[in-house]
Amino acid sequence: MNNVSRLKKVLENGEFAVTAECGPPRGADPESVVKKAKLLKNNVDSVNVTDNQTAIVRMSSLAACALIQGMGLDSVLQMVVRDRNRIALQSDILGASALGIRNLLCLSGDHQSFGNQGQAKGVFDLDSIQFVRVAKNMRDEKVILGGDPLSSPPDMFIGATANPFADPIQFRAVRLAKKIEAGADFIQTQCIYNLDRFETWLNMLRERGLTEKTFILGGVTPLKSPGMAKYMNNKVAGIDVPEELIKRMEGVPKDKQRKEGINICVETILRLKEMPGVKGVHIMAIEWEEAVGEIVERSGLLPRPSFD
Amino acid sequence: MITAEQKPIDEIRNMIAPYKRILALGCGSCVAECAAGGEKETAMLASALRMAAKINGEEVIIEEKTIDRQCVNEFVIPLDDIMEKYDAVLSLGCGAGVQAVADMFPEVPVIPALNTEFMGETKDQGYWVESCIGCGDCMLYYFGGVCPLTRCAKHLLNGPCGGSMDGRCEVDPDVPCAWQLIIDRLSRFGALDRLEKIYPPKDWSKKEGCGPRKIVREDQQK
């Protein structure tokens, strides 16, 4: 297969990129993946597939990405280091590349204690930064960890994540610099609700020149209800929903809350588009892929660029 | 020290059920320090088992003895004088103690009375925490004396992850974020630059490369 990463092309052409998340099903049905991908088609540049997120067993992200690639869409393969050691991780990178998957997002993964397999052994043989470097060396140096040569290197646009809202904030830029040094071509952030804190973080990156060394995609998640806003703020580690947004969601009638969630999301994207150093947006509409089309359109991001 | 906790009494009773003459064997080292298998705990467990046997009308002899260290042969060897009296040993040693006694007395079943937990510290009365996984290649210098392999839930060598909030770990808010501790300590020493470099993947062969590890030192051998 000779296909190239669409996400990479969009970013390198200086276009504001759009990706969206697709969570694989808790079952073996390919239709569910296909249905979600159809909702995203033509609205996004690449479909980003989560890897057993929240440590709940789902269809593998590699298989779901293969299904999406088969529909002619670009996909981003998420891989976490929680479940696989360095042998399996490297092997799956080779397999993913062979299947035509061209984007890889390296993460540590939600801890196994959060999901439905609390008795599982967490692997964490590599950490996410080490994993990025391993992937880069496989691609650029054509070697696996330890130096053995590959008969053919994988072709992957490599990404990593960043959380602008986690502590300690003064160390966040240092850690991101390490991810970029390790080889992260693009960075996808945690869901952004607190734009002030996000800008503080972005300024820290600019001071270090980091926004010029990688493509930063701002993460957004449309809120469905004030309850969701509160839950994310209080229960999800590393997510910061300001009180004023919770109040705003509470201030609209129940049947208008989803609409208000989309309004907030669009406003956030419009702000992100104006921020120097932000090169795209990643929309995580959790089990609400139907919302993505409207969000992208109202954010002035349609049509998506064509390279044919 | 090696920490341990006593197994539930019912589990212990099930394991010793086939035997009539049992030696409850305590260990005076680590498991005594963590109040799981020392002389006092051995006496209490033996007494509880005798009482349970009596209530249930079971004819069983349970005697107790505590030696200094079950994991060192020279402390185990003297048991040879009394072992013929028993048809099973209930060991209140750690997993190493249980196996050392079993090695010494191949004909006698040695049953564990404890669940061995971790290498750790006594933080306070009745409070122990894990602080070392015995990786075989100590990196504490680089991390200001805080081990991320043990104390970070994701064993990150290039942390912290995105779940560190207010100095707490996302996995258990009662646990301090190891990476916050590392950053705080290194800042105090003016050594935060140690975290600018990317630490490469850990060489786990030093921990589990070829099955159980051993140390052979000729200078210590006679």
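This is a tour of a predicted model, chain by chain, with something to select at each stop.

Residues are numbered from 1 along each chain as its sequence is written, and chains are lettered from A and ligands numbered from 1 in the order in which they are written. Local features need pLDDT of at least 70, side-chain atom pairs count only at pLDDT 80 or more, and totals for chains, interfaces and linings use all residues, while side-chain values use heavy atoms, with hydrogens and water left out.

**Stop 1: chain A as a whole**

Select chain A. It has 11 helices and 8 strands; helices (H or I, at least four residues) and strands (E, at least two) are DSSP runs, numbered from the N terminus. The C-alpha trace of chain A spans about 60 × 50 × 45 Å along its principal axes. The radius of gyration of chain A is 19 Å, which agrees with the value near 19 Å for a compact globule of 308 residues. That radius is taken over C-alpha atoms, and the globule rule is 2.2 Å times the number of residues to the power 0.38. Of the 308 residues of chain A, 58% count as buried (under 20% relative accessible area, with exposed over 50% and partly exposed in between, using a 1.4 Å probe and protein chains only).

**Stop 2: the barrel of chain A**

Show the strands of chain A. They form a closed barrel of 8 strands in the order 1-2-3-4-5-6-7-8, with parallel pairing; two strands pair if DSSP finds at least two bridges between them. Direction ignored, neighbouring strands of this sheet are turned by 30 degrees against each other on average.

Now select residues 75-80 and 103-107 of chain A. These are strand 3 and strand 4, which pair in the parallel sense over 5 bridges. Contact means heavy atoms within 4.5 Å. Axes are lines fitted to C-alpha atoms, for helices over the stretch in contact, and angles run from 0 to 180 degrees between N-to-C directions.

**Stop 3: Phe198(A)**

Which residues touch the most other members of the largest nonpolar core? They are Phe198(A), Leu272(A), Val281(A) and Ile283(A), in a core of 73 residues. Such a core is a set of buried Ala, Val, Leu, Ile, Met, Phe, Trp, Tyr and Cys residues joined through side-chain atoms within 4.5 Å. Leaving aside neighbours within four places in sequence, Phe198(A) is in contact with residues including Pro164(A), Phe165(A) and Leu272(A).

**Stop 4: the sheet of chain B**

Move to chain B and show its strands. 4 strands form an open sheet in the order 3-2-4-5, with parallel pairing. Strand 3 (61-67) and strand 5 (110-112) of chain B stand at the edges, each with a single partner strand, so one side of each has no neighbour in the sheet. Select Leu90(B): its bridge partner in strand 5 of chain B is Ile111(B). Helix 5 (residues 95-104) of chain B lies across strand 2, strand 4 and strand 5 of chain B.

**Stop 5: Lys20(B)**

Last, select Lys20(B), in the loop between helix 1 and strand 2 of chain B. Lys20(B) counts as partly exposed, at 45% relative accessibility. How far apart in space are Lys20(B) and Glu59(B), C-alpha to C-alpha? The distance is 6.9 Å, although they are 39 residues apart in sequence.
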